[in-house]
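Q: Hi! Could you walk me through this model?
A: Happy to, let's look at it together.

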Amino acid sequence: MRIAAITGLHGASIRGRARADAGPLLLSALVVVLVSLLAGAVPGLMERTADEAVRDGVRRGGDAAKVIVSARFEPDDTLNGRARVPRLAQALDDLRLRAVDELGTDLQRMFRPPVASVISPSLKVTDGSVLRTFRMAYLSGGAGPEVVWSAGSAPAASGDETAEIDWYGPPWLVQVGVSETAAKQFGVRPGALLKLADERGNTRSAQVSGIFRAVDPADPVWAEAPWLLNPAAGADGIGTTRFGGLLSAESLPDARLAFPPDELKRTVSFAPDPAVLTWATAQSLKATVVTLQARSASSSTYDTASTWNTGLDSVLDEVTAQVETARVQASVLLAAIVAGAVLVLLLAADLLVRRRSPALVLARQRGASLTALGLELLAESAVLALAAAGAGCAAAILTTGGVAAGWVAPVLVTAVAAVPAYGILTAAAATRDRRSPANRSARRWARHTAVLRRAAAEATVVLAAGAAIVALHQRGLGSGLPVLAPTLAVLAGAVLLVRLLPPLTGLALRWAVRSRRPLAVFGTAQASAASGRALPVAALVTSVALATFALVTAATVERGLAGGAQETVGADVRVDLTEDTAASADETARRIAAAPGVTGVLTGHVTDSAQIVVDGKLTPARLMIVDSRAYTGTALQPDQALVRSATGALREGMTVEILQTGKPAVRLTASGSAPAIGGSAEVVIVDVAAGLPDPPNTLWVTGPGAVQATDGLTVVSRAELARSRRAAPLVSGLIWLTWAAAAFLLVAGLLGFALTAAAGAPARWLTVSRLRTLGLTPRQGRLVAAGELLPAAAAAAAGGTALGALVAAVTTGPLGLRLLTGQVGDPATALPWAGLAAVAALFLVTAPLLVRAEAALRRRQRLAEVLRVGGPA
Amino acid sequence: MTALVSVRGVHRRFGSGPSTVHALRGVSFDVEAGSMVALVGRSGSGKTTLLNVVGGLDRPDEGSVVVDGDEVTGLGEDGLSRLRREKVSYVFQTFGLIPVLSAAENVGAPLRLARTPAADREKRVALLLELVGLSGHAAQRPGEMSGGQQQRVAIARALAASPRLLIADEPTGQLDAETGRSVMALLRAVVESEGVTALVSTHDPVMMALADRVIRISDGQVDA
Ligand SMILES: Nc1ncnc2c1ncn2[C@@H]1O[C@H](COP(=O)(O)OP(=O)(O)OP(=O)(O)O)[C@@H](O)[C@H]1O
Ligand SMILES: [Mg+2]
């Protein structure tokens, strides 16, 4: 009450007025609640999705995400040869313990139990016609790997435990175990001798001691050398199969002697555990890993010190880039939401102050100071806005655990300050000397400064928008100005539209005055008068344009996801044939082609990282050997290839050399660019006629029945892939936010329209009543009233949607949406015509609906009453 | 002479319960065609209410009003609209012009509603503006004119469609005495020249002197 005494604040009158204006007040509060909830929820959402994205990224990163520690064994050279060191398994274990120790207990928690291994270089199998490579591996991790010997026995030492060998002695024999699958595929039995040779043709020999079966093939230990269990195709070259032999602690020392010194190294590999990784821990993990890597690199290469290596930092860098992009993309949408909210709040404040202006003017005339009036209005709006923001933020914290003060602040400030500011301006204007300056030049000067002030404000918006768009295009999406580019561009467009509208309605009026229809004149006159009010039109156009921007972005992402899936899969369904199904590929293709709903089947051979040499540099690329005419529409000559490169390594006109194991390289000319298919950075498409070995390992199936027809095979379905990508945390979070922004901005636009209509209603219906005293029927009166709302509605429907679509088209490229859609390039802007038409129709239909509602509210009022309260014109 | 307006036993009450205001209590009178009648009475006596009922802007609770053979009290909204278009026009204390239209367009509005051909309309508007002495102000908007000028535009507009009855509620109420008198004189002159019947409420003794007849009303009843 002391405050009331000092400032003249009057609690009862504040409450009374608040009750009278419940509508606009509640609406403002609702807008504040919604924005603080939305803006508040986003950081929390982003944080959660960032955690998910880190896990997802690490999972997808596979081997690249592992931290590998390697070290030599102690030297084994003697005076004239090498000595067999029996306790090599122990030495490997030592390395594991040392690595765990170096990693530290904190970081250990983020990894699965490490797997220690010794893996030999690749050897060629010299008998038989099939190209096969063979490696030996010793694995140790946790309890495993546990195996059951179904024939023969575990590898044992092949001779004397402490033998010494001569430098130039015969190849040392090693005992290995072979998996059941491998044994069957290559027809080996226990006791069989494998004839092997290294790259230089030196012979090596291994003896199969037994045939084993993994107790748990899913044991992560096997992931270090999956070819031990299942022979794998492809990776060593086109048409080769690699398999391997399992070493035991006893045969490991023999393996070392079978290879030149230091060719067998100790390796400990740590696979990050996605379950315990978060965005925050990933950052500290990255830092530590980088340090360990840097420190180990500086140690001498000729001792047994451990070397740390990992791609985890780049995997995390990639995820970080994605999360940052997503964050900035979210900021773009938040900026739009905040802009829409601020404009609606301004309209609500305008309406409120208009309604109260008689009371304010009266209070002012009775001697209330502007400060007192302002404080009274401030008290009311502050209580309401703070309560609303508090509720919204609390809800945001409860649901997502975060709140974004930075985004809520502008909305809160507007909600608190707009009503008092307008109120003071209104009260001050009412009591200021109304007459314009007597001196004509002074009058002109006053008019000029007002015009200049407005032009300067508009120029500022347009320049800021231009700068933001240029920054966006030059620097790409980053925090700061580029984030505001779409919003500023829309605001600038709205400002220009607002400028354009009065001349347009003026033209319409000039036409209407000549027309013979009385309603045309009155309606257009109302329209022309209303089009001069800048704020409502600007607010409406901005909300609709930003909503359209969000809708177009959502549509672009949706279509981009479909396009990205098409790029990756290349058809409705891609069938990846396995070793045992590949043999019957043609047969399978025929069967699928005959199935109902299948319109096409193509076979081809795909090698994921084929060894391609361009410009004398080895450039791993995805090699596709296909019937080029059926696949791409253009028939390739045998010496031609199509290329596509995200890095620019492959270009048209280059000579592309494809390396093959055991055969001369094939040289081709890159004659054109490959379609965006394959979802890989580097793609080379070659016709079957090029003469590369091409046992089909892939089928592309198109048609509505493709999924059904390929049931039971290993397939990648385009629809399924698009669905799963859409469900990825960052993508689904952003798509959700995009739709939420579109919905919010549409609602904001409609609210803004209703507020504008309400603010103009008293004057509008007074005019309609006056026209009715001249003989206008009630229906005609409603049409004239609708005429007044039409410019804003039309500007929103036509100008707003067009502006939004235009801004989206200009900005989608640099928004980096390809990170969401999984496309190699940026998606093309997709215009959802039906949606845009619906938005336009919504606003055009709202105008007559609002008029109907207003008329219904005034139905019981007689003309006499309206005219009695209406003041002088 | 025959009665153009005939008011019989009109009652009008506002509100309900104990706060009911009985604004008109059985008002009856006739207005002869071609005459100018002044309606006088103290503030709150019911002048505005009576004029609104006569002109069909308000409906009486009891009684009947007949204007030029039309039973006003029995007309629906469309009938009333036609009545206003063809027979009755109004001049308000607060002028009641359409702010977004120029003086000429305001005057021409009733003619547009009557679908008068453009050439005739323009001729008539020019004539009326000349009649009210505003030929030079045709393009001005109401906001750009003085009160007296606005009221003269309003009178011109009221006469545009050649109505039978012109109802004016305190047409000089917002004007200073001098301007008021000139507007009054104008009204009297146009009643003569256009041959309309006028029912004008006023506090102004000058107006009473100009009228053919004065009807006094007090507390919702016509004084004998
Ligand atoms: N809409 C209304 N609701 C309630 N009371 C009303 C209404 N209109 C008029 N009245 C009351 O009816 C009575 C007559 O009012 P009216 O406006 O007709 O008086 P008046 O003679 O025109 O007065 P003045 O000379 O001040 O214009 C007054 O007591 C007024 O308060
Ligand atoms: Mg009155």
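Q: How far apart do the centres of domain 2 and domain 3 of chain A lie?
A: Their C-alpha centres lie 68 Å apart. Bear in mind that this is a predicted model: local features need pLDDT of at least 70, side-chain atom pairs count only at pLDDT 80 or more, and totals for chains, interfaces and linings use all residues. Residues are numbered from 1 along each chain as written, chains are lettered from A and ligands numbered from 1 in the order written, and side-chain values use heavy atoms, leaving out hydrogens and water.

Q: Which residues belong to which domain in chain A?
A: Domain 1 is 1-64 + 312-432, domain 2 is 67-310, domain 3 is 490-569 + 719-873 and domain 4 is 578-713. These bounds come from an automatic or database domain assignment.

Q: Aromatics next. How many aromatic pairs turn up over all chains?
A: Seven, from a search of the whole structure. Rings of Phe, Tyr and Trp (its six-membered ring) pair if their centres lie within 6.5 Å; planes under 30 degrees apart count as stacked, over 60 as edge-to-face and the rest as tilted. One of the pairs is A:Phe111 with A:Phe270: the centres are 5.7 Å apart and the planes at 70°, so this pair is edge-to-face.

Q: Where do those two sit in the chain?
A: A:Phe111 is in the loop between helix 5 (105-108) and strand 3 (115-119) of chain A, while A:Phe270 is in strand 13 (residues 266-270), 159 residues apart. Helices (H or I, at least four residues) and strands (E, at least two) are DSSP runs, numbered from the N terminus.

Q: Is A:Phe270 buried or exposed?
A: Buried, with a relative accessible area of 1%; A:Phe111 is buried too, at 6%. Buried means under 20% relative accessible area, exposed over 50%, partly exposed in between (1.4 Å probe, protein chains only).

Q: And what about A:Phe270 and A:Trp308?
A: That pair is stacked, 6.4 Å centre to centre with 10° between the planes. A:Trp308 lies in strand 14 (residues 307-310) of chain A, so its pairing with A:Phe270 in strand 13 ties together parts 38 residues apart in sequence. Ring pairs link A:Phe111, A:Phe270 and A:Trp308 into a cluster.

Q: Switching to chain B, in what order do the four strands of the open sheet come?
A: The order is 2-1-4-5, with antiparallel pairing; two strands pair if DSSP finds at least two bridges between them. Strand 2 (21-32) and strand 5 (70-71) of chain B stand at the edges with a single partner strand each, so one side of each has no neighbour in the sheet.
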